[in-house]
Each structure stands twice: as structure tokens, then as C-alpha cells.
Amino acid sequence: MNARKEGRKSASLDSAEHTRTGLSVEALRRAFLDNLFYIQGRFPEIATANDHYQALAYTLRDRLLHRWVKTIHAYKEKDPRTVCYLSAEYLPGPHLANNLLSLGITDETREALHGLGLDLDVIIAHEEEPGLGNGGLGRLAACFMDSLATLEIPAIGYGIRYEYGIFDQKIQDGWQVETSDSWLHYGNPWEVRRPNVCYDVSIGGHTEHFTDEQGRLRVRWRHGDLFRGVAYDTPIPGYGVETVNLLRLWRAEAAEDFDFQAFNQGDYVGAVMRKVRSETISKVLYPNDDAEIGKRLRLLQQYFFVSCSLQDMLRIYKSSGRPLAEFHAKYAAQLNDTHPTIAVAELMRLLVDENDLDWDGAWEVTRRTLSYTNHTLLPEALEKWPLPLFQNVLPRHLEIIYEINRRFLDDMRMRYPHDPERIARLSIIDETAPKYVRMAHLACVGGHAINGVAALHTRLLGDTVLKDFHDVWPDKFQNKTNGVTPRRFLMLANPDLASLLSETLGDGWTHDLDRLRGLERYADDAAFQERWRQAKRIRKAALAERILACRGIAIDPASLFDIQAKRIHEYKRQHLNLLHVVTLYNRLKRNADLPPRTFIFGGKAAPGYYMAKLIIKLINSVAEVINRDPGVNERLKVVFVPDYSVKVAHNVYPAADLSEQISTAGMEASGTGNMKFSLNGALTIGTLDGANVEIREEVGADNFFLFGLTAEQVAQVKAAGYRPRDIYQGDPELREAIDLIASGHFAHGDSGLFQPLVDNLLQRDDYLLLADYRAYVDCQDRVASAWNEPERWTRMAILNVARMGKFSSDRTIAEYCRDIWRATPVKIGA
């Protein structure tokens, strides 16, 4: 990096450095002013905050596109295998600061703007975050795109350009209230619209079978409706390299925007109805699919972006002149969960119906092109579509799936001739009325690899939800433990710690996270420990300031910051955390001596998920009582941070002392928040669930607060006939906590408000909160004891960071490239 900066110093002396591509302070200043004037139509004296942001974004985009063109030229010349990542979600986070970091021009840009009287940090804070995902799935996809570019792997990310992303969350009277996420209100300067890169997508109608001139049986799909997908491209740079890959998102438009005949007949609404109906497909992330119309829209969304993406891949491939039978040698397409698995049937349709490949040849290409990542162990989360709906929307694809299933089950009957129950379980079609298409089954049959996202998750996949497929194809199953990008979640989010790491270890860790192991020799160094604590204090003070501004709650940065920030769901057990909070509250009311602790929650509940929204209400209600009780609020505070997002996470992860990873064992596929917290020096309290298992293995059992039943024990407890009320009756502190909630103490005397939650715990407790309560509370007591020994706590935190090398998304992507995609780097010259 120093050589790059020296080169820029000399370049800054050269007045001929190009305004659109130069990286010196002077070139950046000229470019910013040019874009402010020529794109925004403003001059400095009247420019708004948004004008400043847009002008700076276009300044960076020019430099990214310059590198992207060089990257495409290199790819065209060398014709490498390209990774196509198909994901219904991407949560990239704010682009501006990340792109500055990747280009290595943060300091130069800050200086250029300072010379114009502007503050770079203010401009960065102005950026609207694209909320194109629901949580971990979309953030993982974004981390993978970052690592693919950084590792110089040719790649295209494909998805949907949702006009409205994940809802904005407001808290009113303690309840979550959803409002629309208008992230495109001021436009998106990072994207490039490609009106010439567009594809027609058919739905509905019927099929006709006929014989062609060569006597072959063919199928013609007479569609009922037609949409068009238009590409919007966002450049994704690698860190410290010249590579810039592409995130290509599809926007739905009408094949014909305006019905002039209807307009002339006075039907003014009907004249634009096709446009309105078409654009609905990419209008909103994850429509509520409780109703039939919501299910239909969600299926349309999935098929729409998959069809556009595969058509795009075929268009690019055909330009090379190579035969379609070798398509798989050019592309490795990864299906990120079940949302894009219609790709199996769509690629077969495109190859057989549109490009005249025979079935066997097309099946070979399809199978060798596609691979599938599973992200869930919950059977209900494995997507399946009612057969009548599927037939109505995609009649040709249903025929193709029937044929795939017929051939597959014929093979299985040969293998298991006396096991009809197994055959029924393996079938892509669930024969239970009204009959369903099982998308995970389609992916297992139609791809060459199936992977889980943590060692425990992959093992449980083979033992439970995909056991029958694992029995058939054990070699198809692999584990690829998730990872996170250290660029965004350490270098950007935690600059003070990142600077300390670079000063201590050099810059090599930014590309090779295993080099953090060098920190181990400083774990007991008193001077280093003090600098470590100072870096943490800075981040905690920043979060405290943000919470005071957004919630009006003053918290003490010297207290233990105990944080649980993730999607609100019963299996993630935010309410177990709350039971501990109430237990501490009861102890403090009895004058117990406890170290000061601040509990911080963040996360969104699905709009239709009542119990999760009730948990949010309970968090805020408990906070209201505790925070205004002078008898406890010097020792205990509770805060819910609203509208949790990547941008908010930049403040949360670095400030955490304790990371709550307390899901029921066997429920979480992997988790990546656990990695981000640990990478920033938080200690983990957690169960043996998801990637917690591997984090504990890496950081050491002495540096991880473990509690709770294992996945096997969870299964045994349920099989034995779990009786949560017996546990409630036998544990006085648990009973006291639940009774206080049930009494209405946290609801202004309304004893009925939280009764559904209490009844669920005492009568069902599907996620075994009460079974794990005592172990959890006792473990929290060990946390408090360790916190009272600052040198011991700091040593544990340093060792956590030192041993997080495995959890870089660079490592995950390198394993995908080696074991599944067979993709190799392509060096892009400066």
C-alpha cells in the first residue's frame, strides 16, 4: 500500500493526471467539482448534502468503471471459468466508504474534500443503504462478492433490483412498526442501467407438443403473459487489487409499456396497467406470502431473476462461438438457498426448447453447471410450491420437472426396489394434497454439489432433512463454513482496532486473516492490553452517543456491553436473554452486588410473525421499567436499537464486550454475526449451534462461555416428552422471572399483554428456553466474574481476535473455488 501512495504523490505533481481516473488529491478534487457541476448541476455555494454525496459517488464510480473495463478485457482475452452467484438477496451495505477503502484513496479523498471545506465523514453518513436482503443470507452474498473480487476470481452476482427493500423499522409504544424502505428516492449513483441487456420472461399459458422436421418430439410454450428484465450493473471492487467484478440486478418492466389502443378508447388506467403489473415483480423484497397472491408473486420473482440470469449467461457464452455442450466448462452457477433452484428446470428449458440440445446432453450440462447451498435445518423453511399454483405460472417447467423426477425415481427404484416409502420421500413431487413441488429436492437432483454452511449444519443435513439424498450421493455433500469480510467488518467498522493490528502485525492480515495469530504473543502484554482496551472504549463511547441520540437513553461506556443483534425469531431466543435480564433485575432489587451491565438488542421481526413482534414489545417494556428505576439503573440498562442494518452494525459490532449466540442447538445453520462480533474482540456466550462449534474450537474452550443442551440432547429431551412447566416449578429464580412478566409489571399492570408468550413457554416451549435457563444464568455468572478481572477479560478478547483467521470469507471462497467451482484467479494489470 505504501508503494501505491508514493506513486500517487508523484502523480499529484503531474497536472496531466486524468480527472476521471486519477487517484491523487488534485485529480480527486477536480473530479468532484466536475461531477458536482456537470452531473448534479450545482456549484459549491448552493450544493446540498445529497449533491455532495452524489458527486463523490460518481467520482469513485468513474474509477471503478475504468478498472471494470480492464477486468472485462482480461476476462475476454483469457476466457476463464466464471462464477455466477444466484441469490434472491444482497445486503451490500453502504458503498462509499467501502469503495474508498478498496481503491486505497480514503486519505486522499479526505484531503481533497477538506480543501473544499467539506467533511468526508459527514458525506459518508448521508448515504442511504440498499436493503436488498432480509439478513444473514443477503449479507453473506455481499461478503462473497467482496472476497471473489479480492481473490481475483472472475464472477458475476445475479439478483433482483428491488425498488423497496427490507422495511424500515420504527418503534412506537414499544411495538415494531414497518415503513417502506425508499432507498432509491434520490437515485443510485453506483449502478449503470443497461437497457440493451434485457430479456423477455414468459409465464402462464399452455404447452403444445409437436414433431419437428427431423422427426423429433418438441414442445412449444404458448405463454399467457410476458415481462421484461432490464439489467442494472454495480461494480464490486476487490481490496488492494485491480479486479472489479459485477453485481447485475434485474428490474422488471413491461414488454409493452403503454396500450395506445386502450388509451384512445378512453381506458386511461387500462392503458398503463400492463406496466404497473409488470413492475410489481421487482417492486418489493419478499412480499407477504400468507395469501395465494403473495405466493404467486414470490414464485414470479424467483423465476424472473433466474430466467434473466441464465439467458444472460447463455448470451455471453454464445459470443465465444463455443458449443453449448461445453457451457459448464465456462460457468459455475451457485444457487444460494432454495430461492433460485428453479434454475434446474429453466436451464433445461433453455437448452432443450430454445437451443435444440437433446435431453441427455442438456441434463449433463445442467448438472455440471449448478451447485446448491442449503442454509436451513427447518423443514418448513425448505421451499415447496403448491402444484396448482406452479402449473398455472410455469406449465412448461412443471412438465420438465415431471420428466426429471420420472427418470430420477426410475433409477431410485432400481436401487431401492422394496422401499416405496423412501421413493416417496425422495420424489421432487410431494404427493400430499394438494401436492407440492419440493425445490430443495430439485436442487439436490439437478446439481453436482450440495453444501452446508457450518460443520455441524452439514452433518445434521445428512442426518435429518436431506438424509435420503445423503444416503444416495454422500460424495455430493460438502461443508463450506461461512465467513465474513474483514475489510468491512473490521477495517471500516473498527478503524482504531484495525490501526492497532496493522501497527503491531503489519498490513498483511487484511488479505490473510490467519496472520492475526501473531497477536497471541501480545495477549499478556500489559501495555498492549491497555491500548486494546482504549480502542474498545472509543467504539463503546461512539455507540453510547448514537443510542443517546436515537433513543434518548444514556448508557455508561464503562459497563459491560452485552449485545444480541440479529433477526428476531423464537429459535434465536431473544426471550431467553430477557429472562436473564429480569433475573438480574430481581437480584438487584434484593441488593445483590453485580457489575454494571448494558443489554443491547437489535433486529427486525417478519411483519406477519406475531410472537417475534411481541418479543420486541417485551424488550422495550422491560427497558422502560428498568431504565427509570433508580434502584437498579446505575447497574442495569436495557436498550433496543431500531432499524438494525449493515450501517448500524458498523457501530454495534466493535462496541460489544459480550456476544449473545444463544439459539437452540441444531437450529442455526451457521450464523455470521457470531464471527463479526468475535473478530472485533467480543467474547461469546453461546450454545453448540451453527458456527459457534467451530469458533469455540478455534479460540479455545477457555475463551468461550459455553452453556446449554447439544443438538443430540435437544432431540432426546423432545423425544422423552418435554414438560417445561416442571422446570418452571422447580427453579425459584425462573419462576420469579416468568411470574413478574405475567403479572403485568412490565406492562403498566396489563397482565394479559405478554400472556401468549408466557403460555407458549409453559405449555410448549418449542425451543427449550426453560431447559437451558439455569445453565445460561449460571454461565452468565461466570461472565460477570471474568469481567471483574480486566486483564483476564482482555487476554481472552485478544486471543479471540488472534484465532479468527478461519472465519474470513476469503477462506470460504477459496474452498468453493477449489472444491466446487474449479475457478482460478485472473490477474488484472495496473
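**Salt bridges.** I count a salt bridge when a side-chain nitrogen of Lys or Arg is within 4 Å of a carboxyl oxygen of Asp or Glu. This is a predicted model, so I take local features only at pLDDT of at least 70 and side-chain atom pairs only at pLDDT 80 or more, while totals for chains, interfaces and linings use all residues. Residues are numbered from 1 along each chain as its sequence is written, and side-chain values use heavy atoms, with hydrogens and water left out.

The structure holds 81 salt bridges. I picked out R407 and E403, whose side chains meet at 2.7 Å, N to O. Why can these two reach each other? They sit four residues apart in helix α16 (residues 395-415), so about one helical turn separates them. Helices here are DSSP runs of H or I with at least four residues, strands are runs of E with at least two, and both are numbered from the N terminus. For burial I use relative accessible area: buried is under 20%, exposed is over 50%, and partly exposed is in between (1.4 Å probe, protein chains only). R407 comes out partly exposed at 32%, and E403 is partly exposed at 21%.

I then looked at E26 and R29, another salt bridge at 2.7 Å, N to O. These two are three residues apart in helix α2, again about one helical turn. E26 is partly exposed at 32%, as is R29 at 28%.

**The parallel sheet.** Which order do the strands take? I read β19-β18-β17-β20-β21-β22, six strands in an open sheet with parallel pairing. I call two strands paired if DSSP finds at least two bridges between them. The edge strands, β19 (636-641) and β22 (705-706), each pair on one side only. Helix α24 (residues 574-589) packs on this sheet and touches β17, β18 (597-602), β19 and β20, with its direction at about 155° to that of β18. Contact means heavy atoms within 4.5 Å. The axes are lines fitted to C-alpha atoms, for helices over the stretch in contact, and the angles run from 0 to 180 degrees between N-to-C directions.

Zooming in, β17 (residues 560-565) and β20 (residues 658-661) pair over two bridges, and D562 stands opposite L658 in β20.

Helix α25 (residues 610-627) lies across β18 and β19, at about 145° to β19. S621 is in this helix and is buried at 2%. Leaving aside neighbours within four places in sequence, I find S621 in contact with F746 and F754.

**A hairpin.** Strands β6 (residues 206-211) and β7 (residues 217-222) pair in the antiparallel sense over six bridges. Five residues separate them in the hairpin, and G215 in the turn has a positive phi of about 80°. T211 has L217 in β7 as its bridge partner.

Where is the cis peptide bond I flagged? It joins A433 and P434, with omega about 10°, and P434 lies in the loop between β13 (429-430) and β14 (436-438).

I also flagged D643, not a glycine, with phi near 55°. D643 is in the loop between β19 and α26 (646-652) and is partly exposed at 24%. D765 has a positive phi of about 50° and lies in the loop between α32 (755-763) and α33 (769-787). Is D765 buried or exposed? At 2% relative accessibility, D765 counts as buried.

S309 is in helix α11 (residues 292-318) and is buried at 0%. Not counting residues up to four places away in sequence, S309 touches Y158 and W250.
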